Amino acid sequence: MTISRRDILKSLTLTAVTGSVLQVIPLQAAEYAHRMVSAEKAAAEDQAYAPKFFSAHAYKTLQVLCQTIIPSDADAKGAIEAGAPEFIDLITSENVDYQVALGGGLMWLDNTCIDGYGKPYLDCTAAQQKEILDLIAYRRNAKLDPSLGQGIDFFALLRKFTADGYFTSEIGIEYLGYIGNTFVKDFPGCPPVPGL
Amino acid sequence: MQVRRTPKTYDVCIIGSGAAGGTAAKVLTEGGLSVALLEAGPPLVPERDYKEHVWPYDLPHRGAGVGGRATRGLDDEFLAPNGAWEIEGEPYISAPGSRFRWFRSRIVGGRTNHWGRIALRMAPVDFKVRSHDGMGDDWPISYEDVAPYYDKVESYIGVFGTKENIPSAPDGIFQPPPKPRCTETIIKKACDKLSILCVPSRLAILTQPHNGRPACHYCAQCGRGCITASNFSSSQVMIPPAEKTGRLTLVTGAMARELVVNKAGKVEAVSYIDKASREERRIHARAFIVAASSCESARLLLNSKSTLFPDGLANSSGVVGRNLMDSVGSNAGGFFPALEKVAAHNHDGVGGMHMYLPWWKFDRKNEFLRGYHTEFGGGRGMPGVGDFHHLSDEFEGYGSALKQECKKKYGTYIGFSGRGEMIPNENCYCEIDPSAVDQWGIPVLRFHWKWGDNEIKMAKDMQETYREIVEAGGGTFISRARPDRPNPYGIADGGVIIHEVGTVRMGAHPATSALNQYCQAHDVKNLFVTDGACFVTNADKNPTLTIMALTWRASDYLLDQAKKGNL
């Protein structure tokens with residue numbers, strides 16, 4: 001028989017109330033409960049995500065841009081797999097400033113692509129997509145062409161949000177090599193490092 | 001509206017359950033007195049309320065909060081509950097030309113749920129500044145008066161550290177410190193080159209089991225609250241033993257509005273708003289300890305006006321709200337290429353620095369008076385929202401190159417935060433705003449703030465020192481601080497360091513102070529104020545340990561008075 005989460009939480013509460021006045025709970029039980037909560041959340045996750053703020057077209061564009069900013073490669077999966085677009089959609093749905101900056105920014109990108117290539121970003125060729133991104137991915141380009149300013153600001157914000165969504169995901173954290181958030185009896189200190 | 005009266009009269013009523021209130025509750029109930037403890041926030045249930053060991057991806061907002069407004073630090077979703085820069089329905093006001101921020105915790109345990117656990121003793125010279133350099137005022141007590149109480153507090157709560165014999169940073173009763181992380185190893189080496197002191201820090205976190213509390217399990221998340229109570233909070237360490245005596249009555253959701261005096265000029269009751277019912281209620285006691293946090297305590301006294309005390313309670317000197325101080329704070333940091341070579345490993349440690357830089361230039365003449373200590377941290381911590389914003393703007397571009405750069409630079413940043421002594425000045429104070437009230441109908445505070453030249457010079461010295469240390473460690477210095485900005489040399493706005501003290505100061509003379517050396521009001525003998533408000537100066541030591549020592553001392557005095565029948 002497997003012990004249920006309710007049992008664990010109930011036992012924690014009992015320990016807390018009837019045990020020590022200091023409300024100490026056993027480390028192992030706490031760790032077990034935390035893991036169980038995470039596992040339940042993972043199991044309950046819905047497969048298809050319905051955007052809260054972005055239109056279907058805008059969200060598709062957002063996904064493609066996120067994956068271009070942090071792609072899936074030989075080292076690790078990319079921004080889409082890490083849930084970065086969902087995270088960005090959620091916080092944007094709650095923040096009027098981001099709605100203007102990102103919603104407007106995506107429209108700026110499509111408008112600029114239509115002006116230059118006769119079609120929105122998603123329908124452009126890979127070479128055309130690279131050409132426009134190479135312009136808006138660097139602040140110095142605003143000095144050569146001031147009309148790129150809005151696109152550069154948009155892309156700088158999206159790059160930050162993509163990094164936020166990616167590096168706070170399980171995939172991103174594993175890619176960085178963070179080790180911790182656990183129970184350690186004796187902290188070992190700094191391992192031997194050349195030159196340190 | 002009906003005003004309910006609780007018929008019972010307690011020996012002591014304490015207003016506020018943080019570092020001061022919790023300590024008083026423990027000492028007084030264990031001393032045999034009946035105590036009512038008022039807390040404006042709700043009760044705390046650690047195993048329900050704390051987000052210990054939660055990953056960013058366990059939360060839909062990844063820790064950034066609704067609308068993504070919160071970044072790392074004291075406003076993220078991981079923080080222990082009910083501590084915030086802004087509380088809905090409970091505003092405060094910065095006067096025109098002033099910028100002041102006020103972090104408040106509405107929860108049992110107050111800000112001890114949220115603090116950095118840095119537990120530093122004030123030095124002998126810190127109590128006698130005017131005698132030393134002619135500025136500010138001396139305390140009516142000396143280090144020797146407080147030292148036995150530092151001993152008691154440290155022995156009870158558990159503090160790690162090492163004996164160093166540094167005149168500016170007295171030793172205490174310490175558990176062994178944790179081993180240095182890589183970031184601390186590199187900074188220690190750089191400091192040694194520059195002859196800057198860098199020693200194990202002193203934090204109220206257990207490295208050995210103590211009084212039934214297990215040792216730290218090194219998850220680096222003290223700010224989230226510790227379910228095992230391995231770090232210090234009033235809620236988990238002070239209040240439980242008080243409850244165990246059977247003499248504590250904890251009243252939560254109780255927003256104190258006014259202290260009510262009788263014809264003899266003694267406080268007989270506190271009027272408070274019961275937040276749940278929005279009704280006004282009273283608690284009667286023979287003595288009162290105000291421990292609501294420095295500015296909240298001043299607010300309560302100023303709002304307690306009567307025919308006998310027209311300028312507010314305990315305020316015949318006019319000092320209540322005055323002498324408001326915070327710590328001088330300025331930040332800088334750097335990327336250290338040497339850390340790129342460090343293999344992935346568990347770098348978490350305790351929830352705070354394992355080493356720190358005490359004030360080291362106490363033996364020479366400097367461009368400014370007084371001193372500062374330095375806290376630092378960084379390295380391979382749990383990634384969070386905002387961590388790669390700087391890199392993202394600097395590196396630019398996109399694709400695998402950006403992704404790889406993030407991995408390469410991850411864990412190589414170390415940030416420094418100076419914490420210096422501010423000299424009180426007449427431009428820094430709080431007062432009751434003439435028009436605004438909070439949602440409970442209680443008049444709110446208006447803050448006035450202006451840093452003096454000494455503080456600006458100190459911030460400049462911090463920036464120069466951090467540049468030297470970063471460069472000595474082979475790093476690239478990064479700072480947004482500039483001399484000509486509204487915050488010269490990056491000096492933080494008033495209140496931002498959350499070390500506000502001094503608003504109901506103690507002193508030898510009733511004309512220039514509100515309290516005597518036992519935190520007892522000169523004007524009202526059954527009234528004590530034992531939180532940071534009683535401070536005369538704000539040394540470069542985080543105030544919490546001293547708040548607890550002074551409260552313990554005041555509580556012993558009160559117990560003695562009670563035994564003599566003077567309550």
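**View 1. Leu38(B) sits across from Val251(B), a residue of strand β7(B).** This is a predicted model, where local features need pLDDT of at least 70, side-chain atom pairs count only at pLDDT 80 or more, and totals for chains, interfaces and linings use all residues. Residues are numbered from 1 along each chain as its sequence is written, while chains are lettered from A and ligands numbered from 1 in the order in which they are written. Strands here are DSSP E runs of at least two residues, helices are H or I runs of at least four, and both are numbered from the N terminus. β2(B) and β7 (residues 248–251) of chain B run parallel, joined by four bridges; strands count as paired if DSSP finds at least two bridges between them. Along β2 (residues 35–38), Val35(B) and Leu37(B) point one way, Ala36(B) and Leu38(B) the other, and all are buried. Buried means that 20 or more other C-beta atoms, placed from the backbone, lie within 10 Å of the residue's own.

**View 2. Here's what surrounds Cys13(B) in the largest nonpolar core.** A nonpolar core is a set of buried Ala, Val, Leu, Ile, Met, Phe, Trp, Tyr and Cys residues joined through C-beta atoms within 7 Å. This one has 162 residues, and Cys13(B), Ile14(B), Val35(B), Leu38(B) and Phe288(B) have the most contacts inside it. Leaving aside residues up to four places away in sequence, Cys13(B) touches Ala36(B), Leu38(B), Val270(B), Ile283(B), Ala285(B) and Phe288(B). Contact means C-beta atoms, placed from the backbone, within 7 Å.

**View 3. Three strands of chain B make an open sheet in the order β4-β16-β15, with mixed pairing.** β4 (93–94) and β15 (429–437) are at the edges with a single partner strand each, so one side of each has no neighbour in the sheet. Five bridges pair β15(B) with β16 (residues 443–448) in the antiparallel sense, and Glu431(B) stands opposite Arg446(B) of β16(B).

**View 4. Chain B meets chain A with 68 residues from chain B and 60 from chain A.** On the chain B side, the elements giving two or more residues are α2 (46–49), α5 (182–194), α6 (234–244), α8 (389–395) and α9 (400–409). That side splits into 31 nonpolar, 21 polar and 16 charged residues. Asp, Glu, Lys and Arg count as charged, Ala, Val, Leu, Ile, Met, Phe, Trp, Tyr, Cys and Pro as nonpolar, and the others, Gly among them, as polar.

Notes: Buried ≥ 20, exposed ≤ 12 C-beta atoms within 10 Å, placed from the backbone. Contact = placed C-beta atoms within 7 Å.
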